[in-house]
Protein chains: 2
Amino acid sequence: MNNNFEYSKILNTVDAVVFTYDNEELKILLVKREIEPFKNQWALPGGFLRDNETLEIAIKRELKEKANIESIFLEQLHSFSSINRDPRARVITTAFYALINNSNYKIKADADAIDAKWFLFNSNFKLAFDHNLIVDMAIKRLKKNLEYRPIGFELLPKYFTISQIQKLYEIIFDKEVDKRNFRKKLLKTELIIETDKFDKTGVKRPARLYFFNEDKYNEFKKEGFKFKII
Amino acid sequence: MNNNFEYSKILNTVDAVVFTYDNEELKILLVKREIEPFKNQWALPGGFLRDNETLEIAIKRELKEKANIESIFLEQLHSFSSINRDPRARVITTAFYALINNSNYKIKADADAIDAKWFLFNSNFKLAFDHNLIVDMAIKRLKKNLEYRPIGFELLPKYFTISQIQKLYEIIFDKEVDKRNFRKKLLKTELIIETDKFDKTGVKRPARLYFFNEDKYNEFKKEGFKFKII
DNA sequence: ACTATATAGTGTAATGATAACACTATATAG
DNA sequence: CTATATAGTGTTATCATTACACTATATAGT
C-alpha cells in the first residue's frame, strides 16, 4: 500500500468526448496535439488535473481553454487506467461525455492544441493514446442514455423542428423511424412546447418550431424517466 | 498544467460498494477502519492504487485482502474528487459497485480493517470520508441497472426460487409486484431455466428451483436488453 | 399567375405488452 | 388428518406500439 502522502507516480488527467449535431450530422470535437507524445495526431480535448481542481472543474477549464466551450451537458463516463496508456508516465484519465447544442462555438487553439475541429462521429479517425476506446464507450453511453433520457435536446438549437429531432435520433440509432409514431410519442411526453414560429431556412414548406420543456424534464427526472423515446 | 512527470500530489484510491442478498435482505459490505483518519469508523472496502495496477485490478486485490472476495460482478461507478474528501492529502477515489451472490464468504480482517460486516443497505450508517455519498450513488445505479439488465441473478445463489427473485426486486424497488405477472414476464425472457429440484428449507410447500440462463443473457447483451424486468 | 416539388403534417386499425384480479395445489407441522 | 403458509396458475381489460398513405403548404421555376 502507498503510505507516502507526499507524492505519487500516478498522474491524473481529464478528457472529454464532446458531441454536437450540426447540418444533420453528429460530430465529435477533436484537437490536434502540438506536443509529444502523439504530436500532430488528433486527440480528445483534455489535460492534467490541477491540485486545487475537482475532475469536473478541470474538464470544464480544459474545454474552455481548448475550445472556448462553456456551460454544456457534461457527465462522467469512465476512468481509464491501463498501465501504458501514456508513454510518458503512469496516467489515469477520467473521461467525460458532453453534449452541446451547436457547433458555432469559436474553437480556439491553445498551447497544447494547434487545431480543434469537429469530426463525423463515425469516421475512421485514429486517435492518440487510447482515445479511440474512450470514444467508443462514449458513443455506446450516448445511445443507451438517449433511449431513456430526453437528453437529445442538448444537441439541438433552442428552437427546433420535430423533423430535426427525428433525424437526430435516426442518425444516432442508425435506423429509420415512422414520422407519425415519432411525433405522437414525443408530443405525448409533453417534453416539447409548440411555438407559432416556423423554420423558413428549408427550401420547401416551413416546419413549426418547438422548444424544450424543462419543467416537464425535471418532473421526469424525479420519477426516473419511465418512458422510452425510441 | 502539471508538466512534472515525476510526481503528483494527487493520490488515487479505489473503493467498492459490495451488495449481497441474504436472508431476504439487501446488504452492503463495510469495514471498520483500524487507522486514522476516521479510526474505528465504518467505511467502504478499498485502498490505495499501486503503480503497477489498473483501477480494476486494485479493487479486486483490495476486496480479496479485506474480505476474501473473489470473482464477482464489478463495474465502475464514478470517480470522486472533492478537494478535501480525505484529510491526509488530495485523494481521488474511483468507486466500483459490486454484486455477490451470497454472504458466506469468510470475511477476514487485514492491516487496515479490524472488522468487516454486512449492513442492511438502508440502515442509517454514518461512514468515513464521503462514503455515504458513494453508497447513495451506488444504490441509485443498482436500481437503474436492475430495471433493464438481468443482473439481479448476481445477487442470488446458483439455484433460486421465483419467489426469492421477486422478493429481491420488491426490496430493491421498495414496491410490491403481482406474483402472476412477475412470473409470466420473467419466464418469457427465458433467462431462467427450470430444474426438477425443490427448495425444502421453507416451512410450507417447497418451491421449484431455477438457475440463470447465461447463454440467453449473452444474447441479450448483444441486442442491448430491450426489455424491462420490473 | 400557375405548376411542380419537396417537405410538413395528420388518423386509424392491428398487434403486442402490461396491469388487474382470485383461486387451487401441496408439503409440513401439529 | 387437519390447518396453514406458501407455491403456482389464466383470463380479461387497458394501454402502448407498430404499420400504414394521404393531404397541406411554401417556395422555386416557368
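The two protein copies meet through the same surface, because 100% of the interface residues of chain A are also interface residues in chain B, where contact means heavy atoms within 4.5 Å. This is a predicted model, in which local features need pLDDT of at least 70 and side-chain atom pairs count only at pLDDT 80 or more, while totals for chains, interfaces and linings use all residues. Residues are numbered from 1 along each chain as its sequence is written, chains are lettered from A and ligands numbered from 1 in the order in which they are written, and side-chain values use heavy atoms, with hydrogens and water left out.

**DNA strand C**

- DNA strand C is surrounded by 19 residues, the closest being A:K179, A:K184, A:R208, B:R205 and B:P206; a residue is near a strand if one of its heavy atoms lies within 4 Å of it.
- Sugar or phosphate supplies 41% of the atoms of DNA strand C within 4 Å of the protein, and the rest belong to bases.
- Phosphate oxygens of DNA strand C lie 3.0 Å from an N or O atom in the side chain of A:S163 and 3.2 Å from one in the side chain of A:R183, a polar contact with DNA being a pair of N or O atoms within 3.5 Å.
- A base nitrogen of DNA strand C is 2.9 Å from a polar side-chain atom of B:N181.
- The elements that give two or more residues to the surface near DNA strand C are α4 and β9 (207–212) of chain A, together with α4 of chain B; helices (H or I, at least four residues) and strands (E, at least two) are DSSP runs, numbered from the N terminus.

**DNA strand D**

- Around DNA strand D there are 19 residues, of which the closest are A:R205, A:P206, B:K179, B:K184 and B:R208.
- Of the atoms of DNA strand D that come within 4 Å of the protein, 42% are accounted for by sugar and phosphate.
- Base nitrogens of DNA strand D lie 2.9 Å from an N or O atom in the side chain of A:N181 and 3.0 Å from one in the side chain of B:R205.

**Strand β6 of chain B and its partners**

- Strand β6 (residues 90–100) of chain B is largely enclosed by the rest of the structure, because 11 of its 11 residues are buried, buried meaning under 20% relative accessible area, with exposed over 50% and partly exposed in between (1.4 Å probe, protein chains only).
- Strand β1 (residues 10–22) of chain B runs parallel to β6(B) and is joined to it by 11 bridges, two strands being paired if DSSP finds at least two bridges between them; within this pair, B:V18 stands opposite B:A98.
- Strand β5 (residues 73–80) of chain B runs antiparallel to β6(B), with 7 bridges joining the two, and B:Q76 stands opposite B:F96 in β6(B).
- B:T13 lies in strand β1 of chain B, counts as buried at 8% relative accessibility, and touches residues including B:F48, B:V91 and B:T93.

Note on methods:
Polar contact = N/O pair within 3.5 Å; in protein donor to acceptor, adjacent residues only side chain to side chain. Lists of a residue's contacts leave out its neighbours within four places in sequence.
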